[in-house]
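Here's a quick tour of a protein model, one spot at a time. Have the sequence and the 3D view open, and follow along as we go.

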Amino acid sequence: MQFFSKNFAIIVIVAMAFFIELLDTTIINTSIPQIAQSFNAPALTIKIAITSYLMALAIFIPISGWLADKYGTKNIFLSAIVLFTLSSLFCGISQSIFQLALFRFIQGIGGALMIPIGRLIVLQAFSNQDLLKIMSYISILALIGPVLGPLLGGYITTYYSWHWIFFINIPLGVFEFLLAYKFITNEKANQLKKLDLKGFILIALGLTFVAFSAENLSEKLISKTIIWTLLIIGIIFIFLYVAYSKKTKHPILNLNLFKINSFLIGNLQLLTSIIAAGGLSFVLPIMLQTYFKLNPLYSGLYTAPIAVGAILIRPFIPFLVKNIGYKKLLTFNTILLSCCLFAFYLISNINHIYLILLGINYGIFYTIQISCSAVIGYLNIENKDKSAATSLQSTNQQFSLTLCICINAFLIHIFNINNNYSIENSHNIEAFQYTFLTLSFILLLNLLYIKKLKI
């Protein structure tokens, strides 16, 4: 008698993939100051270890479906697990920031293949009637990752060393591989569309140059002339892709979908919301450890409530949408989320209750914002365009996260210069406060988009 039925095993396998990816995304945040100290570098420089991972996700998610169609879901999923696990090992033994960034990028390629194909495996294994229920189970299990990430990262960094935040992926990856090898069926597409290789190269180069430029705005390693030149080159590549995509039958990213009002507004909401509010789990641990001198474990304890808030509100979002409607809910929620960011601006000392409650509330409002914006994007998408819409919106989300980290670091850097302090100086909190204040106003741009929403 088998311990797992096949369907139950698939739920466990896909949930574990989501869990590992979300854990890995959040576990590094509380370890940033220690990684920086290990490499004798400023704390903000370590953002490259986060953005390189997110950039790989943005670049390679669009071709994950084509690879699965050509080589089979099982083969690509297993390859993704191997890539993710081996790169985790090399992240842990990295001897420089650049080595860490390189292996995080490779790890991101594994994640870019693992997560979308995990969703595809579920679509292949279950009927449409069961999909909502199955994805709910998977989401709840996966959301444990962001709760454990800051706590586990803080504990490991405090009592062991930051290297182990990557080494723990190895047993998880091996177990995931064995389960997937036993239970997943290798499904291929009956008809394979031609890969838009030219489009993939153009958009990959465009996103890479723009992200690299944004990454180095707060650094002094490269001259500003080179940075702005690379930014212009990146924008040119993106414009070339826009022009090219209009002429090709099956572009890697179908930009025509932005002609749909709800898809355009939903993605603008995602872009602005993530840039303004998505970097808190990056900025908060740095502030708590550099200014308030908390150890990584305690900074993790103050970061974890964000994920708790996300878990608490998720089951109630459909009820809120049904009774309030997307437009009103997003209007009120944008204001409340902006108030949360403003509340972080007011922090000048450690108040345990204040930080915990603020973190939970932020998690609630940020989850509502991202969830509703994401769903709005799909409201008027036809079935034949859903795959293309998913690729485009996923790329937008991951690229927005990359820009988010870069912009947060840039703002801290700018306000730091104005205050003439080092980021590690215990007397400096204004840089963080003014960053939160600026982001709270940036978020309010969403109110302009919501007014144009036609639902």
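Let's start with serine 245, which sits in helix H11 (residues 224-245); helices here are DSSP runs of H or I with at least four residues, numbered from the N terminus. Keep in mind that this is a predicted model, where local features need pLDDT of at least 70, side-chain atom pairs count only at pLDDT 80 or more, and totals for chains, interfaces and linings use all residues. Residues are numbered from 1 along each chain as its sequence is written, and side-chain values use heavy atoms, with hydrogens and water left out.

**Serine 245**
- Serine 245 counts as buried because its relative accessibility is 7% (buried means under 20% relative accessible area, exposed over 50%, partly exposed in between, with a 1.4 Å probe and protein chains only).
- A polar atom of the serine 245 side chain lies 2.9 Å from the backbone oxygen of valine 242.
- Setting aside neighbours within four places in sequence, serine 245 touches Pro251, Leu253 and Leu255 (contact means heavy atoms within 4.5 Å).

**Glutamine 369**
- Glutamine 369 belongs to helix H17 (residues 352-376).
- Is this residue, glutamine 369, buried or exposed? Glutamine 369 is buried, because its relative accessible area is 0%.
- The glutamine 369 side chain makes polar contacts with the side chains of serine 273, at 3.4 Å, and asparagine 333, at 2.8 Å (a polar contact is a pair of N or O atoms within 3.5 Å; within protein, one must be able to donate a hydrogen and the other to accept it, and residues adjacent in sequence count only if both atoms are side-chain atoms).
- Beyond four places in sequence, the contacts of glutamine 369 include Gln269, Leu330 and Asn446.

**Helices H12 and H19**
- Helix H12 (residues 261-277) packs against helix H19 (residues 430-443) at about 170°, with the axes 8 Å apart (axes are lines fitted to C-alpha atoms, for helices over the stretch in contact, and angles run from 0 to 180 degrees between N-to-C directions).
- That angle makes H12 roughly antiparallel to H19 (over 145 degrees; under 35 is roughly parallel, 65 to 115 roughly perpendicular, the rest oblique).
- H12 brings Thr272, Ser273, Ile275 and Ala276 to the contact, while H19 brings Leu439, Ile442 and Leu443.

**The salt bridge**
- The whole structure has 1 salt bridge (a side-chain nitrogen of Lys or Arg within 4 Å of a carboxyl oxygen of Asp or Glu).
- Aspartate 24 pairs with arginine 104, their closest N and O atoms being 2.7 Å apart.
- Aspartate 24 is in helix H1 (residues 6-27) and arginine 104 in helix H5 (residues 97-125), so the pair links distant parts of the chain, 80 residues apart.
- Both aspartate 24 and arginine 104 are buried.

Conventions:
Helices (H or I, at least four residues) and strands (E, at least two) are DSSP runs, numbered from the N terminus.
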